[in-house]
Amino acid sequence: MKRKFAVLILIALIAMLVPASAGASGVPAWLRPGPGSVVNAALIGDEADVYVVVFQAPALATYQGEVPGLAATNPEALGEVMLDPASEASQAYLAYMAEYQDARLAAIEAALGRSLEVSFRYRAALNGVSVTLTGDEAALVAALPGVAHVERRSFLEPLTERGPAWIEADQVWDGSATGGLPGTQGEGIVVGIIDTGVNTDHPSFADIGPVDGHDHENPRVVHYGLCAPQNPLLCNDKLIGLYDFTGTGPEDDVLHGSHVASTVAGNVVDATFLAPTTSYSGLISGVAPHANIISYKVCSSLAYPQLGACPIDALIAGIDQATIDIVDVINFSIGGPGTEPWTDPLAQAFFGARAAGIFVATSAGNLGPGPGTVGRPANAPWITSVAASTHDRYLANALVGMSGGGSPAPADIAGKGFTAGYGPAPIVHAGDYGDALCLAPFAAGTWANGEIVVCDRGINGRAEKAANAAAGGAGGYVLANDEPSGNGLVSDSYVIPGVHVTYADGLVLKAWLASGSGHTASIAGVTADISSEHGDVMASFSSRGPNAAPDLLKPDVTAPGVDILAAFHTPDPANPGPD
């Protein structure tokens with residue numbers, strides 16, 4: 001199946017497709033005895049958990065015709081660009097895979113002496129299943145014929161009004177930087193967002209763009225998943241597909257998927273961002289505002305104890321379905337510690353998606369700034385990993401007007417913080433009250449005069465520290481970095497006015513607070529500073545290369561990923577509207 005290209009940027013990737021082959025015995029490689037490998041097995045033999053079992057036979061996207069009588073389906077083998085799941089060859093191989101998986105499952109059940117409950121079957125990007133096993137059973141399954149890999153379920157984490165203009169996407173939109181081709185703003189491209197779901201009623205995902213009036217068309221005609229047939233309460237010609245692999249419904253309950261989807265392909269929206277102490281208005285837009293979206297919800301704060309936890313079995317199910325749907329692009333802003341991609345089932349699923357002709361972009365990870373911190377699956381050579389850098393909008397804030405103390409008061413300290421101003425007010429260090437890191441809520445009445453409280457960064461969340469200080473009566477908040485290098489500044493919105501300052505400035509501030517008495521200060525309040533000098537600075541949290549396993553230069557590219565303003569929705573029944 002050929003594809004008409006209407007993309008913003010074409011990036012050439014080289015993927016090594018290694019076909020399965022029969023040995024001298026004539027037995028296909030995927031029917032030979034193991035041993036497969038077991039990763040992250042339960043330490044206690046009878047402890048049961050979900051395991052992903054990968055079979056040796058190729059998936060639909062990678063099958064190159066090894067079975068007599070079954071034609072190849074891999075696009076490269078056919079001289080095609082994209083996988084065609086509806087072709088006669090694909091339908092025949094899918095039927096074969098169903099029988100193959102049934103036979104493998106029957107063999108596993110016979111070896112275990114019990115029946116299995118299958119959570120997911122993978123067929124397009126990866127050939128495998130997810131089932132519940134004990135650690136001992138996982139080792140037994142790995143040794144069975146046809147099994148390539150067994151891995152206990154692990155959890156990954158979900159890892160802009162200025163962004164598109166900063167990367168000059170607007171010059172692609174108007175056709176001035178397309179080499180004579182028309183600017184499309186992504187029209188005709190279907191983007192698969194594998195994340196935490198989307199807020200379906202947000203204007204970023206409306207059929208008709210609220211600012212430019214663009215009336216979307218569905219290039220596929222059909223709708224997908226929970227949208228099929230079109231569900232007008234959830235779906236339209238912009239948002240053409242919804243899936244839920246968590247059992248909680250397709251709506252975003254983590255606040256991440258909506259943000260990501262609107263950053264990638266959201267409509268142009270005249271938005272007001274409401275922080276607890278201030279607001280900010282401006283136009284926001286996805287990089288491809290006229291593209292269509294299919295959402296694959298694979299993470300949920302409701303289904304799992306971990307906030308936003310993304311189980312690997314659901315992640316692979318989302319990738320597999322996106323491959324069947326043949327989206328043009330997959331965005332995967334999820335990650336975890338790096339693993340070996342040659343056996344990692346998550347990376348292998350993306351190998352299948354890439355083989356199907358789908359462009360995959362994934363976050364490089366948030367484990368920076370140390371070297372070799374690119375995570376999983378961004379370290380796989382067949383997908384594009386994207387680091388996070390700044391754009392030209394800087395949400396500046398500052399601690400100003402300091403006075404008092406036993407030594408000269410510091411000059412104004414520049415920082416960041418998406419909050420209102422505050423003060424003058426007394427200023428103190430939380431360390432003098434037994435908790436420098438502000439790890440727990442302070443007792444009510446700890447501060448009676450609306451003090452500005454300085455907390456050290458580390459361990460718990462930046463905004464959580466502000467809330468803990470506010471619980472004790474703080475009227476303002478300063479977050480001081482805890483390391484001399486590596487920790488950048490972030491324009492968070494806090495429950496009270498606040499400012500984030502550097503390690504060096506924090507040392508000066510705390511030294512002054514340790515001298516004398518009667519310290520006072522003010523928080524200036526946020527100011528949007530637009531200047532090119534703020535752009536293209538690597539975020540401190542962004543993972544760095546080079547890669548250790550495999551030995552690759554990663555990340556591949558960098559793009560704006562700091563202080564991005566985009567859609568989200570708070571799951572508050574008292575405030576059900578879009579944000």
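What you're looking at is a predicted model. The chain has 579 residues, 52% of them buried, and folds into 10 helices and 26 strands. Its accessible surface comes to about 23000 Å², with 57% of that belonging to carbon and sulfur atoms.

**Nonpolar cores**

- The largest nonpolar core takes in 73 residues.
- If you want to find the residues with the most contacts inside that core, look for Val53, Leu133, Leu315, Ile330, Leu346 and Phe350.
- Helix 7, covering residues 312-325, gives the most to this core, putting in 8 residues.
- There's also a second, separate core of 17 residues, and Cys235, Leu242, Ala265 and Val329 are among them.
- Back in the largest core, Leu315 has one of the highest contact counts. Setting aside residues up to four places away in sequence, Leu315 touches Leu156, Val298, Cys299, Cys310, Phe332, Ile334 and Leu346.

**Helix 2**

- Helix 2 runs over residues 88-112, which makes 25 residues.
- From first C-alpha to last, helix 2 reaches 36 Å, close to the 36 Å expected at 1.5 Å a residue.
- Its buried residues are Ser90, Tyr93, Leu94, Met97, Tyr100, Gln101, Arg104, Leu105, Ile108 and Leu112.
- As a general point, an α-helix has 3.6 residues a turn, so residues three or four places apart point the same way.
- What covers the buried residues of helix 2? The cover includes strand 2 (48-55), strand 3 (118-122), strand 4 (128-134) and helix 3 (135-142).

**Strand 9 and its partners**

- Strand 9 (residues 239-244) is mostly covered, with 5 of its 6 residues buried.
- Gly225 has Leu242 of strand 9 as its bridge partner.
- Leu242 turns up again as a member of the second core.
- Strand 9 also runs parallel to strand 12 (residues 292-297), this time with 5 bridges. Here Gly241 stands opposite Ile294 of strand 12.

**Strand 20 and its partners**

- Strand 20 (residues 422-429) pairs antiparallel with strand 24 (residues 520-523) through 3 bridges. In this pairing, Tyr422 stands opposite Ile523.
- Strand 20 also runs parallel to strand 21 (residues 452-456), again with 3 bridges. Ile427 has Ile452 of strand 21 as its bridge partner.

**Asn397, a buried polar residue**

- You'll find Asn397 in strand 18, which spans residues 393-403.
- Is Asn397 buried or exposed? Its relative accessible area is 4%, and since anything under 20% counts as buried, Asn397 is buried.
- A polar atom of the Asn397 side chain lies 3.0 Å from the backbone oxygen of Gly417.
- The backbone oxygen of Gly498 lies 3.3 Å from a polar atom of the Asn397 side chain.
- Leaving out neighbours within four places in sequence, Asn397 is in contact with Ile413, Ala414, Gly415, Lys416, Gly417, Thr419, Gly498, Val499, Ile523, Ala524, Gly525 and Val526.
- One of those contacts, Ile523, is the residue of strand 24 that stands opposite Tyr422.

Conventions
Residues are numbered from 1 along each chain as its sequence is written. This is a predicted model: local features need pLDDT of at least 70, side-chain atom pairs count only at pLDDT 80 or more; totals for chains, interfaces and linings use all residues. Side-chain values use heavy atoms; hydrogens and water are left out. A nonpolar core is a set of buried Ala, Val, Leu, Ile, Met, Phe, Trp, Tyr and Cys residues joined through side-chain atoms within 4.5 Å. Buried means under 20% relative accessible area, exposed over 50%, partly exposed in between (1.4 Å probe, protein chains only). Helices (H or I, at least four residues) and strands (E, at least two) are DSSP runs, numbered from the N terminus. Contact means heavy atoms within 4.5 Å. Accessible areas come from the Shrake-Rupley method with a 1.4 Å probe; for residues, only the protein chains shown count as cover. A polar contact is a pair of N or O atoms within 3.5 Å; within protein, one must be able to donate a hydrogen and the other to accept it, and residues adjacent in sequence count only if both atoms are side-chain atoms. Two strands pair if DSSP finds at least two bridges between them. The expected span of a helix is 1.5 Å times one less than its number of residues.
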